[in-house]
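The sequence and the structure come first.

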Amino acid sequence: MACGKDGEQDSRIGGIAASIRVVPDFPKKGIMFQDITTLLLDPKAFKNTVDLFVERYIGKDVSVVAGIEARGFIFGPPIALAIGAKFVPLRKPRKLPGEVISEKYVLEYGTDCLEMHVGAVQPGDHALVVDDLIATGGTLCAAMNLLERAGAEVVECACVIELPELKGREKLNGKPLYVLVESR
């Protein structure tokens, strides 16, 4: 959770949390969908979200920001630009032209895969993985595995929202996990 200098919760967090719409029973009954489109419609909340990440990572020797399709593409590029890093998209299968490496992972309801261009990261790159939400952690773990197979060192995973099942989790696969808000 984002904290200010004195260890208290950053004052911007409340506005960010309030801007996220919760949609019950979407995409199926029993799911409380955390909709960030309402956050994106609020320029102040969107800017505060990006600013909190930038403040955390500027000057931390991050050379790669890897965004997970699709909502990691929203937050990753402005963070990368602000901290002077390159942005690498981690995509679903068959979305990237040219040679790719891939990483399969297990979901609650089946399997999926992430792909990245060969040569997008170099051995020794320091990578930050960005997504909008952490649920089980499977997608983030696949992203970390993909980057590490290419020789990058994953510094941290950053998400806007954390689901209750992972509340208070500070690490994922041994790497630090940074989350701005808890789901409502």
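## Arg12 and its contacts

Beyond its neighbours within four places in sequence, Arg12 is in contact with Asn48, Asp51, Leu52 and Glu55. The model is a predicted one. Arg12 belongs to the segment before helix H1 (13–18). With Glu55 there is a side-chain to side-chain polar contact of 2.7 Å.

Arg12 and Leu52 are separated by 40 residues in sequence, while their C-alpha atoms lie 8.5 Å apart. The relative accessible area of Arg12 is 19%, and since buried means under 20%, Arg12 counts as buried.

## The open sheet

An open sheet is formed by six strands, in the order S4-S3-S7-S8-S10-S9, with mixed pairing. At the edges stand S4 and strand S9 (171–172); each has a single partner strand, so one side of each lacks a neighbour in the sheet. S9 and S10 run antiparallel and are joined by two bridges. Leu172 has Lys175 in S10 as its bridge partner.

S7 and S8 run parallel, with eight bridges between them. Asp131 is paired in this way with Cys159 of S8. Eight of the 10 residues of S8 are buried, so this strand is largely enclosed by the rest of the structure. Helix H3 (residues 43–57) lies across S7, S8 and S10, and runs at about 155° to S8.

## Asp132 in strand S7

Asp132 is located in strand S7. Its relative accessible area is 4%, which makes Asp132 buried. The side chain of Asp132 makes a polar contact of 3.0 Å with the side chain of Arg71.

Apart from residues within four places in sequence, the contacts of Asp132 are Ile36, Arg71, Phe75, Cys159, Val160 and Ile161. Cys159 in this list is also the bridge partner of Asp131.

## Helix H5

Helix H5 covers residues 138–149, and its 12 residues should span 16 Å at 1.5 Å a residue; the end C-alpha atoms are 16 Å apart, in agreement with that value. Gly151 follows H5 and has a positive phi, near 100°.

The buried residues of H5 are Gly138, Leu140, Cys141, Ala142, Ala143, Met144, Leu146 and Leu147. An α-helix has 3.6 residues a turn, so residues three or four places apart point the same way. Leu140, one of the buried residues of H5, touches Ile68, Val129, Asp131, Ile134, Cys157, Cys159, Leu172 and Leu177, if residues up to four places away in sequence are not counted.

In soluble globular proteins, nonpolar side chains tend to be buried together. The largest nonpolar core here has 28 residues, and Leu90, Met116, Val129, Leu140 and Leu147 have the most contacts inside it. At least two residues of this core come from each of strand S3 (64–68), strand S4 (86–90), strand S5 (100–107), strand S6 (110–117), strand S7 (126–134), H5, strand S8 (153–162) and strand S10 (175–182). H5 gives the most to this core, seven residues.

Another core lies apart from this one and has 27 residues, including Ile20, Tyr57, Ile79 and Tyr178.

Notes
Residues are numbered from 1 along each chain as its sequence is written. This is a predicted model: local features need pLDDT of at least 70, side-chain atom pairs count only at pLDDT 80 or more; totals for chains, interfaces and linings use all residues. Side-chain values use heavy atoms; hydrogens and water are left out. Helices (H or I, at least four residues) and strands (E, at least two) are DSSP runs, numbered from the N terminus. The expected span of a helix is 1.5 Å times one less than its number of residues. Buried means under 20% relative accessible area, exposed over 50%, partly exposed in between (1.4 Å probe, protein chains only). A nonpolar core is a set of buried Ala, Val, Leu, Ile, Met, Phe, Trp, Tyr and Cys residues joined through side-chain atoms within 4.5 Å. Contact means heavy atoms within 4.5 Å. Two strands pair if DSSP finds at least two bridges between them. Axes are lines fitted to C-alpha atoms, for helices over the stretch in contact, and angles run from 0 to 180 degrees between N-to-C directions. A polar contact is a pair of N or O atoms within 3.5 Å; within protein, one must be able to donate a hydrogen and the other to accept it, and residues adjacent in sequence count only if both atoms are side-chain atoms.
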